[in-house]
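Here is a colleague's note to read beside the coordinates.

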Amino acid sequence: MDNPQLFTAWQQVHVFSQQILNFAQAGEWEKLIELELAYITAVENTTNSASEALAESAEQELLNTMLQQILANESEIRRLMQQRMDELKTLITQSIRQQAVNHTYSELSGSMLLPGEPQVR
């Protein structure tokens, strides 16, 4: 390979991409967020390196395969993150409803008798 640094840079992006996908699939969102900055930095460094050097056709094919996998990972990560955001939205909505119910019952508890409690006269 004429430009091993470029290949190594793309390989690092691919490794980060796969790790982020694994974290997303496992629901390990905090680990995903921790790795995200390193991933973004690697992508920026790689794109800067790529603009400085053109790969030969053999390298290009290998890089294209790697890029296709990175893009597939990105798509799956986006899907999993959207799914997680939907789950969180549902949990927040349920929490808000539960708080409203608890608030209503706490306001009414002084004026209503609960089953099994003695009447206070």
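1. A definition comes first. The expected span of a helix is 1.5 Å times one less than its number of residues. Helix α1 covers residues 4-26, 23 residues in total. From first C-alpha to last, α1 reaches 33 Å, close to the 33 Å expected at 1.5 Å a residue.

2. Please keep in mind that this is a predicted model. The protein chain has three helices and zero strands. Along the sequence the pattern reads α-α-α.

3. Now the chain as a whole. Of its 121 residues, 21% count as buried. The protein chain exposes about 9,200 Å². Carbon and sulfur atoms supply 56% of that area. Among contacts with a separation of 6 or more, 76% are between residues 24 or more positions apart.

4. Which residues of α1 are buried? They are L6, F7, A9, W10, V13, F16, S17, I20, L21 and A24. An α-helix has 3.6 residues a turn, so residues three or four places apart point the same way.

5. The end of α1 deserves a look. G27 follows α1. The phi of G27 is positive, near 75 degrees.

6. N73 is found in α3. Is N73 buried or exposed? N73 is buried, because its relative accessible area is 2%, and the cut-off for buried is under 20%. The side chain of N73 makes a polar contact of 2.9 Å with the side chain of S17. S17 is itself one of the buried residues of α1. Leaving aside neighbours within four places in sequence, N73 is in contact with S17, Q18 and L21.

7. How many salt bridges does the structure hold? There are three. Side chains of opposite charge can pair when their charged atoms come close. The pairs are taken one by one below.

8. E28 pairs with K31. Their closest N and O atoms are 3.2 Å apart. E28 is partly exposed, at 31% relative accessibility. K31 is partly exposed too, with a relative accessible area of 43%.

9. E76 pairs with R79, with the closest N and O atoms 2.7 Å apart. Why is about one helical turn the separation of E76 and R79? Because they are three residues apart in helix α3. E76 counts as partly exposed, with a relative accessible area of 24%. R79 is partly exposed at 44% relative accessibility.

10. R84 and E87 form a salt bridge as well, and here the closest N and O atoms are 3.3 Å apart. R84 and E87 sit three residues apart in α3, so about one helical turn separates them. R84 is partly exposed, with a relative accessible area of 27%. E87 is partly exposed at 37% relative accessibility.

11. Last, the surface. L88, L91, I92 and I96 form a nonpolar patch there. Together they have about 370 Å² of accessible area. I92 lies in helix α3, which covers residues 57-108. I92 counts as exposed because its relative accessible area is 54%, and the cut-off for exposed is over 50%. Helix α3 thus holds both the buried N73 and the exposed I92.

Technical notes
Residues numbered from 1 in each chain as written. Predicted model: local features only at pLDDT ≥ 70, side-chain atom pairs only at ≥ 80, totals over all residues. Heavy atoms only, no water. Helix = DSSP H or I, 4+ residues; strand = E, 2+ residues; numbered from the N terminus. Buried < 20%, exposed > 50% of the residue type's maximum accessible area, 1.4 Å probe, protein only. Contact = heavy atoms within 4.5 Å. Areas by Shrake-Rupley, 256 points an atom, 1.4 Å probe, with all protein chains shown as cover. Patch = residues over 30% accessible without salt bridge, like charges linked within 9 Å, V, L, I, M, F, W, Y side chains within 5 Å. Salt bridge = Lys/Arg side-chain N within 4 Å of Asp/Glu carboxyl O. Polar contact = N/O pair within 3.5 Å; in protein donor to acceptor, adjacent residues only side chain to side chain.
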